[in-house]
Structures are given as structure tokens and as C-alpha cells.
Amino acid sequence: LISYNEGADKQVLEVVKPFVSSQFPPGVFRIGLSLAGYNQVSRSYQNQMILFSLILFFLGLLLVGIVMVNQSYFVLDKSYKEIRTLTGNILEGMNSAVVAVDRDRKIITFNRVAEGIFSLKREEVINKSYSLVFPRDECLINEALNSRKSIREMEKKFRLSSGVEKDLVFGASILSDEKGELQGAVAVI
């Protein structure tokens, strides 16, 4: 098999086979095949392989990105759950009542000491309007939100549901985000 250029832009694949015959003088069979079609198919195949390689490369990048985002999500989710559990344990372990509301003044936190002082169950007050649960602003949350100022150590007499009157110290603070926008308020009794 011999390949050679015939002219500047023409490639030919040539097959040469010697033959011997008793009837004819010895000779050579010579068959030439133009490689233009083969070269075109070969270039097309190379282009397809390059495109396929690029697609696989970008799919690999996408897969790596998805894995990294997924891992980040699981790490963040785990951290969030740990912080939430820790915060819940702190609130439940306190010897003070804690009542917190969001920006819409709906109760979002009501710990076990608050349940005992106000004789209310957490399930009954969570996500309820603070004003409906505490119409006389017993925790001073509305006062703090309306004045946009914290209330520190205000002593008040409070009548428990058992009829016993106790002196309690109330404190209420507003909660703001990093931009200073109001997020809610929390009272500690």
C-alpha cells in the first residue's frame, strides 16, 4: 500500500500488486483510490469527537458543580439544625419566660417558663397574633415595637391564672436585621 500526492491538493491511495502469468509478460496491477472522501469523513469524525469531548467536559463541570452545591447545602442544613437545636435548648433551659414575635407581630417563640407563667400552651399561641393572645400587652412587646426602643427591667405586678399575684421583671427588645429594618421583638420575663 502506498499513499502519495498527485498534484498539490489531491491524495491518492494506491495499491500495487505484481503478477506473473504464463500467457503474458510479468507486470504490475496498479489501482488508485482518491482519498478526498475518506479525508472528508475523517475530518467530520474529528470534529464530532471534539464536540463530543467538549460536551462531556461541560457535563463533567456541571456534575462537579452540582456535587459541590449539594455538599454545601447539606453542610448548611446541618449547621442550621445544630444552631436551631442549640437555640431551642437554651430557650428551654432558661429560668425566664421568653416570648418573641415576628415583624407581623405573630408569636414565634414561647418557651416552657412562659407556658407556666401565662398558663397557655405553646401550640395554642405560636403563629397567633400577639395582640389577640395578650390584649393588655402584658409582655410590653407592643410598647417596645411602637416606640422602637428597648424596655429594660420594668417591674410589674402580674396575676397568675391561679389568682396569685407576683412581682415580675419585664424586659422587651426590638429585633432588627443588618440593614436596621424591624424584624420583630422579644420579651424576657
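Tutor: Start with Asp77 and Lys81. Both lie in helix H1 (residues 36–93), four residues apart, about one turn of the helix. Keep in mind that this is a predicted model.

Student: OK. What do the side chains of Asp77 and Lys81 do?
Tutor: They meet in a salt bridge, 3.3 Å from N to O.

Student: How many salt bridges turn up in the whole structure?
Tutor: A search finds three. One of them joins Lys157 and Asp167, with the closest N and O atoms 3.0 Å apart. Lys157 lies in strand E6 and Asp167 in strand E7, so this pair ties together parts that are ten residues apart in sequence.

Student: And how accessible is Lys157?
Tutor: Lys157 is exposed, at a relative accessible area of 57%. Asp167 has 46%, so Asp167 counts as partly exposed.

Student: Which residue meets Glu138 in a salt bridge?
Tutor: Arg136. Their side chains meet at 3.5 Å, N to O.

Student: Where does Glu138 sit?
Tutor: In the loop between helix H4 (130–133) and helix H5 (141–147).

Student: What is Glu138 in contact with, beyond its neighbours within four places in sequence?
Tutor: Phe118, Tyr130, Lys156, Phe158 and Phe170. Two of those pair up in another way: Lys156 lies over the face of Phe170, at 5.0 Å from the ring centre.

Student: Switching to aromatics. How many aromatic pairs are there in the whole structure?
Tutor: Seven, from a search of the whole structure. Take Phe110 and Phe134. Their ring centres are 6.4 Å apart and their planes are at 35 degrees, so the pair is tilted.

Student: Why tilted, not stacked?
Tutor: The planes are at 35 degrees, and stacked needs under 30 degrees, while edge-to-face needs over 60.

Student: Where do Phe110 and Phe134 sit in the chain?
Tutor: Phe110 is in strand E5, and Phe134 is in the loop between H4 and H5. They are 24 residues apart, and the pair links distant parts of the chain. Both Phe110 and Phe134 are buried.

Student: Now the core. Which residues touch the most other members of the largest nonpolar core?
Tutor: Val99, Ile117, Phe118, Cys139, Ile141 and Ile189, out of 26 residues in that core. The elements that give two or more residues to this core include strand E4 (98–102), helix H2 (112–118), H5 and strand E8 (182–188).

Student: Which element gives the largest share of this core?
Tutor: H2, with four residues.

Student: What does Ile189 touch, leaving out residues up to four places away in sequence?
Tutor: Ser96, Ala97, Ile117, Phe118, Cys139, Leu168, Val169 and Phe170. Phe170 is also the ring under Lys156.

How values were computed. Residues numbered from 1 in each chain as written. Predicted model: local features only at pLDDT ≥ 70, side-chain atom pairs only at ≥ 80, totals over all residues. Heavy atoms only, no water. Contact = heavy atoms within 4.5 Å. Core = buried A, V, L, I, M, F, W, Y, C linked by side-chain atoms within 4.5 Å. Buried < 20%, exposed > 50% of the residue type's maximum accessible area, 1.4 Å probe, protein only. Phe/Tyr/Trp six-rings, centres within 6.5 Å; stacked < 30°, edge-to-face > 60°. Lys NZ or Arg CZ within 6 Å of the ring centre and 35° of its normal. Salt bridge = Lys/Arg side-chain N within 4 Å of Asp/Glu carboxyl O.
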